[in-house]
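Colleague: Could you take one part of this protein and walk me through it slowly? I'm still learning how to look at these models.

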Amino acid sequence: MAKAKKPVKRAAGQAEKVTSIKTKDGRLNPFEIHFNKQKHSVLGQHLPGERGKPGISKAKALKKRKLTLLRELKTRTKSNEFVDRRIGEKTKGMSAEDRLAARFAAERKKQNKQTLFNLEDNTELTHMGQTLSEIEKYEDPRSDDEGDDALGAEFVKSAHFGGGLLSKGGSEPAQSRKEWIDKMIAESKLRKYEARKALEETLEMTDQLDGGFMEVMKIFTEAKVIRPTRREERERQSSPVPASGESAASAPAPSEDYDQLVRLLTFEPRVGASDRTKTDEEVRREEAARLRQLEEARQQRMRADTEEGGARPAVHRSADDLDDGFVLDSRPQQRLELVGDQLLVTSQAADEPLTNRQAKKRQQKLQKQREAAEEAEGEEGEATSDRPPSVKLPGFKKFSATLRAKLPLDQSRHVADLVTSLAPNLSPANRAQLVTLYEMLLRYLGQCCHRSGGSGNTGEAGCGAVALRALDALVPVVYDLTQQLGDAAHRCWVLWLRDCHAAYRRRRRRLFPRLETLLLLRVCGQLFPSSDRRHPVTMPAMLLLCQLLTECPVRCRRELTAGLFCVSLLAEFTSLSGRLVPETIAFLQGVLYSAVPTERQPALAGHVLLPHQPQGPSAALLHLETNCSESPCDPALSVSSVQSDAPLTDSDRLSCLHVAASLAGQLAERHSALPAAAELFGPLRQLMAAVDVRRYPAILRNKWTACLKTLSAISAEKTTLEKNKKRPKPLRLYEPAIEENFDGRRRRPGSHEKKEHDKLVHKYKRQMRSTIREVRRDNAFVARQKLADIKSRDDERKRKLQALMSSLADQEGDFKRMKRQK
């Protein structure tokens, strides 16, 4: 078997040897030239780097790495360096002569250092930032030398006499003399620092007190109210007495003037500067901005918009036309307490149980305020006589009798006077009386609504008209009182609505409520905003009306008129918000179905919803018994018909049909833009088209035709969703792209910006590849260098070990030779 050849080891400097090998005529060795082959040859194409010189390139790269990377590798753990700190060496733009001059000046200054305190005559001395010539007086008792720097007796006893290093015992470990001295110096510095800090604080507080005192003295000096000294009083007493004894007696003493002026200043009210009077244009502009803001708030509440984050607003404010804050605020309320002659603002939490200490402090505070108020009351007794006396409310019977004995306008004036006399700013107990007055007004309004049904129930002629006028006159006053009470009015109405609903649920038969309840629901819509999407008063009222329309059957005149009244109330409540109430449309369908002729009713029976019945006596409730084309028709229903049990007449049927047609047309106009308007109002249109209007009077026929025209105008056409149409993609034509001015260069399609961007991207990628390649070569160079260092250290260690073993072998040989010789 042939002997294997040993691998040839390349030396570290083989690249340098390759570069040094040259022919005699100076040309490169053709074996060292590397040719870059091309897979496909293109006519006229220029390729850079067709012929490379790898030996020379490697030698240059290796030399550069040895000068830079290898030097950094060897000095990476070294921290020492020479820093040239000579003057002017690192200053750019400084000539050699300037450097020499600067160094000479520095050396001269170092030699003349001992003459630093030889002051000339024109030198100005300073003290604390001021020259000595500027300081005129040296009367300030404070000095820099203040402070007790002497050692205390305790410190001297513990440090000098048996203390310090000589002290024995204690939990502290033994200290050396240097540690003890350092500790003593630190404690002394700390003591001096604390004393200096206390002195500075004292001086600063003294300066503040002096400044404040001088300001106060300046005010009293200008006002000439300083109490005279004893010397001035003696001089004034020794002055000659005026001839007129009366004038002398009338002149007050100086001390009395001073005391009187101080008392006046104590109780003098603080009046701030008033604003200038606004012009008419500014007033109109502010009013327009306020109304615009209120309208935006109303629209926001109507849409039930929420704050950021999806949470409901923390404070609900309700307003329709003006700022009506009727909703109970969850924030702590404040109230006014009258103590003596002063109004004190206290929080609602003051009613909570207090501790003994808090109660005592509060009692002392109130006692001081009461004493101050009594003292001011003694000086200004005339002002207290103008205060109106407290008013006590009568009982409800007396109150209602007093109001019924007056005319409607006199009733509103009487209630307004009561509200004015019970203002909360006069006494804190007036608010409770206002709440009581509000409850009595609600009861009285209910009585007015009950009497407005007509004289048949009350036995008095014209009682219904008077009650309605009284109701109209009292509603504005109740509106203002509702604004003033706020949360209390809200609670009163909520309790009343709960009682109404409870009374309705207790009945076995579902019947519409009485007239006073329906009229009070109308008053509720006038007092509170009905456009809000969620309101604590109007929303339960609307739900109650919807429940009445869906559960109460229509069998007689009273039920029919009450249902139409409920529909009109709901239409009024939703006039601003445009909210859809399906119960109103369903109820109108049943009303119009009862007017359809009997032969056409079976075909339209599917449009009748509960509680209406497609068969029975109620199905022909609005059939006319005679031809009424020439009869008069009242376009409105009377209030007395809501609680009347009389049978229906043809005139009543015509009025009911006119009201139903008006409501249907109003709802159709309001909700015509809804996507489901055709489905909602389609049954109404069919029912109205099936009614024979030839027996109706002209006014009802015109109204019927107009309503039918409005219902027919609602389009039933539906639009379907369609996919967006795209332009058809043209077929690809395989035609050669011929350039008119061809110069042999390939141009990429796109704009100039895209081409520049592609060029930069290409340059970045090429540079990144080059950088990665250089980093890899640097890592390989560092790895080879580290391996060479390790091998050199190993070779050195082996050489030393071999020399040591050789020395030991020689010693062992000498020892054995000597032993043999013996």
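Predicted model: local features only at pLDDT ≥ 70, side-chain atom pairs only at ≥ 80, totals over all residues.

Modeller: Our pair is helix 21, residues 557-573, and helix 22, residues 582-593. Two packed helices are described by the angle between their axes and the distance between the axes. Here the angle is about 145°, and the axes lie 10 Å apart. Who does the touching? On helix 21, look for Leu560, Gly563, Leu564, Val567 and Leu570, and on helix 22 for Thr584, Phe587, Leu588 and Val591. As for handedness, helix 21 passes helix 22 in a left-handed crossing.

Now zoom out a bit: the chain has 26 helices and six strands. Of its 822 residues, 25% count as buried. Arg653, in helix 23 (residues 650-670), is one of the buried ones, because its relative accessible area is 8%, under the 20% cut-off. Leaving aside residues up to four places away in sequence, Arg653 touches Leu621, Leu622, His623, Leu624, Glu625 and Leu648.

For a contrast, slide along to helix 26, residues 752-821, where you'll find Leu808. With 43% relative accessibility, Leu808 counts as partly exposed, so it sits between the 20% and 50% cut-offs. Together with Leu801, Leu804 and Met805, Leu808 makes a nonpolar surface patch of about 390 Å². As for the whole chain, its accessible surface comes to about 61,800 Å², and 54% of that belongs to carbon and sulfur atoms.

Terms used: Residues numbered from 1 in each chain as written. Heavy atoms only, no water. Patch = residues over 30% accessible without salt bridge, like charges linked within 9 Å, V, L, I, M, F, W, Y side chains within 5 Å. Areas by Shrake-Rupley, 256 points an atom, 1.4 Å probe, with all protein chains shown as cover. Salt bridge = Lys/Arg side-chain N within 4 Å of Asp/Glu carboxyl O. Helix = DSSP H or I, 4+ residues; strand = E, 2+ residues; numbered from the N terminus. Buried < 20%, exposed > 50% of the residue type's maximum accessible area, 1.4 Å probe, protein only. Contact = heavy atoms within 4.5 Å. Axes fitted to C-alpha atoms, helices over the stretch in contact; angles between N-to-C directions. Left-handed = near helix turned anticlockwise from the far one by under 90°.
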